[in-house]
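This report covers one protein chain.

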Amino acid sequence: MSGFVAGVALLGRGFAYWRRLPEAMVLGLIPAAIASLLLFAAIVALGLSLPALTDWVTPFADGWPSFWAGVLRVAVGTAMLGAAIVLAAVSFTALTLVIGDPFYERIWRAVESDLGTPDLEDRTGFWRAARDGLALFVRGIGCAILAALCGLVPVVGGVLGFVAAVGMSGWLLADELTTRALAARGIQAAERRALRRRHRARVLGFGVATQLFFLVPLGAVATMPAAVAGATVLGRELLADATAMAPEKVDRRP
């Protein structure tokens, strides 16, 4: 639990950079606003069409008693909404990172410089960011399907689907956002995955907190720059802990 709380606190440290590095952080609003408008329109369209959509996918329930047909369709609608939350969150992150890669690189550099490492080389670049964004979107589809299946569980499906959606999308967010800070230090993909698994609670706390802020109206726009800053700090902490545990195996800059 302490690790989870520590992860949540890292997002708070990211928000603190709105005061410390306002010029760099403001630039991060532009791609986040563009992506938010696109996805907000999609979510609104889904919400308006959800009753008709649930009726369309459950025609076999037309002859059921109205109570049970209603229970089924509420469960199906909840499952679809949970899947949409995961997909929207992942799509937002992927789309925003592709659109705003130069903006978020500037935030990352500013935070690294503030923490004492101004000379790191960014090893991502636009095309790698685009490739990673596509991979994130594909992984998000799988998580959306799992969240939808959780939402079909009788009685507790709504809550279970929401928790699964927030947890899985939060993990994907933290996974993607910490990549730049770790890759800049020469940490390969397999090593990055091992680091995150070793500190699963902290990574999940950061990702879940970020995802919950994303669910607040317009929250994603203000949160995305803070999430990039917080993920930079998180990546540094994961590596620092790994270095402290096995300094002979991990020879990286802080």
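## Phe 103 in H5

Phe 103 is found in helix H5, which spans residues 101-114. The model is a predicted one.

## Packing of H1 and H10

Two packed helices are described by the angle between their axes and by the distance between those axes. Helix H1 covers residues 2-20, and helix H10 covers residues 200-215. They pack at an angle of about 50°, and their axes lie 6 Å apart. The crossing of H1 and H10 is right-handed.

On the H1 side, the contact is made by Gly 3, Phe 4, Ala 6, Gly 7, Val 8, Leu 10, Leu 11 and Phe 15. On the H10 side, Ala 201, Arg 202, Leu 204, Gly 205, Phe 206, Val 208, Ala 209, Thr 210 and Phe 213 meet them. By class, the contact of H1 with H10 has 12 nonpolar residues, four polar ones and one charged one.

## Thr 223 in H11

Thr 223 sits in helix H11, residues 219-245. Is Thr 223 buried or exposed? Thr 223 counts as buried, because its relative accessibility is 1% and buried means under 20%.

Neighbours within four places in sequence aside, Thr 223 is in contact with Leu 11, Phe 15, Thr 210, Phe 213 and Phe 214. Among them, Leu 11 and Phe 15 take part in the H1 side of the contact with H10. Thr 210 and Phe 213 take part in the H10 side.

## The chain overall

The protein chain has 11 helices and zero strands. Read along the sequence, its pattern is α-α-α-α-α-α-α-α-α-α-α. Of the 254 residues in the chain, 48% are buried.

Consider the contacts between residues at least 6 apart in sequence: 78% of them join residues at least 24 apart. The accessible surface of the chain comes to about 12300 Å². Carbon and sulfur atoms account for 71% of that surface.

Key
Residues numbered from 1 in each chain as written. Predicted model: local features only at pLDDT ≥ 70, side-chain atom pairs only at ≥ 80, totals over all residues. Heavy atoms only, no water. Axes fitted to C-alpha atoms, helices over the stretch in contact; angles between N-to-C directions. Helix = DSSP H or I, 4+ residues; strand = E, 2+ residues; numbered from the N terminus. Left-handed = near helix turned anticlockwise from the far one by under 90°. Contact = heavy atoms within 4.5 Å. Nonpolar A, V, L, I, M, F, W, Y, C, P; charged D, E, K, R; others polar. Buried < 20%, exposed > 50% of the residue type's maximum accessible area, 1.4 Å probe, protein only. Areas by Shrake-Rupley, 256 points an atom, 1.4 Å probe, with all protein chains shown as cover.
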